[in-house]
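Here are a few friendly notes to read alongside the model.

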Amino acid sequence: KKKLALLKAQTFDAMIIDEAHHAAASTYFKLASELGFLDDNPRKLLVGVTATAYRGDKVALGEVFDEIVFERSTMTMIRGGFLCDVRGLSVKTDADLSEVHTTGGDLDVHELALAVDTPERNAIVAGAFKSHAKNRQGVVFCVDVAHALNMAESLRASGIKAAAVYGSMPKDERREVLFDYSRGRIEALTNCNVLTEGWDAPNTSAIFLSRPTKSPVLYVQMVGRGLRLAPGKKDCLVVDFADVAGKHSLCGLATLAGLARVTFKDEKETLAEAVERMETEEIEEREQIKLRAATAELDLFERRSWDWGKQGVNFKLALPERKTAWCRVTESGYTAFVETPDGIVILSESALPLGYAMGVCEDYARRLGAARFAEKNAPWRKRPASDGQKELMTKLKIAFAPDISKGEAGRLIDARIGRPCPPPSRLSATSPLQEGGKRSGVSERFV
């Protein structure tokens, strides 16, 4: 109560919650409420930041936050070059999880430990580390403290410099172990629920998931420890152990990619390469297009729900009020801007990866309140085509069904007389800009 009174006395205007997926927990919720950040007070701003914007207990974060103002998937960050790529490996074991119950949305910890913390399975994990993680430093995620200690012992028995860290470990001892790991003196760290949050070691380039999980939150947190960029680091090796899952649907690299499944062509193919190949194959099958280079970018990022279309080598997104968002190709990437009846709104003055340029345009659309309008499955697209659309299609000699929808009519018209991308000469310093005419670069407002 004394601490809470001291905080209230500060009359904070802003509250920032890191690892914001915890914000719906009673402790976080009470603090935000007591400090007045859940009231309808325009003077107070509550901001949450997290890499895993969902909870295993299904409690909605909408109970705390009003809206998502900026969002990027892990896969988009990998493909944009902001996180390192992943190489996946699955190692088969004989551990049987079919009798392990589910508690709180994940495998019961006690039963899971009995199933996987065995000398035989630990030896398989240690052998996989020795065989596949040469010249890498890695983290092994375990079920409980005993599993972490046993796993470290098994790794050391295989000739690997390993140490365990756990919650009840003396702080000085744990700090020393983590320091040695950061300096490369330890090859493998084993842990139980200690290194999933709030720990940053960019030198980590191997993640061994000795603890299977049904929780997407936990899976992304564990794998995320190895995705930081570091000098000389090309990718992160993620090793899953294929236990006998039985009735359980366990998380894997498809969870990281946001897909139902991911198949690798071979051991050399990275996650980003695999996802791009699968998307390209799907596009080619759906549209019967054989020219892979011409179609690979069309739906490159996030299997997005936004209705992006391709105009030559550029990409465009229709917005309300006769506005169009564009991603224009350049020698080094894509520039993002919005064409309006009054002129051009520049969103990025420097070239960006395609997915990021699209994301910048999508953020702009969200600010306009146009996100729902621009979705592929927006309700207006399914409504009957207007008389004006039908008259125009007739004039353009476009064949159409009597019950054609607004969305399909718009696509047919756009394909015939689609607005071309504005030339670079129009993207000048004199172009009209958003909000009071102030020029807003990517770093200032949209990224």
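1. A word on handedness before the helices: a crossing is left-handed if the near helix is turned anticlockwise from the far one by less than a right angle, and right-handed if clockwise. The crossing of H5 and H6 is right-handed. Helices (H or I, at least four residues) and strands (E, at least two) are DSSP runs, numbered from the N terminus.

2. Please keep in mind that this is a predicted model, in which local features need pLDDT of at least 70 and side-chain atom pairs count only at pLDDT 80 or more, while totals for chains, interfaces and linings use all residues. Residues are numbered from 1 along each chain as its sequence is written, and side-chain values use heavy atoms, with hydrogens and water left out.

3. The axes of H5 (residues 119-132) and H6 (residues 145-157) come within 9 Å and cross at roughly 55°. That makes H5 oblique to H6 (angles under 35 degrees count as roughly parallel, over 145 as roughly antiparallel, 65 to 115 as roughly perpendicular and the rest as oblique). Axes are lines fitted to C-alpha atoms, for helices over the stretch in contact, and angles run from 0 to 180 degrees between N-to-C directions.

4. Contact (heavy atoms within 4.5 Å) between these helices involves, among others, Val 125 and Phe 129 of H5 and Met 151 and Leu 155 of H6.

5. Now the parallel sheet: six strands form an open sheet in the order E3-E10-E9-E6-E8-E7, where two strands pair if DSSP finds at least two bridges between them. At its edges are E3 (85-96) and E7 (162-165), each pairing on one side only. H6 packs on this sheet, touching E6, E7 and E8, and its direction makes about 175° with that of E7.

6. The other open sheet has five strands, ordered E11-E12-E13-E14-E15, with antiparallel pairing. E11 (309-311) and E15 (343-346) each have a single partner strand, so one side of each is left without a neighbour in the sheet. H12 lies across E12, E13, E14 and E15, running at about 165° to E13.

7. Phe 82 lies in the loop between H3 and E3, and Tyr 356 is in H12, 274 residues apart.
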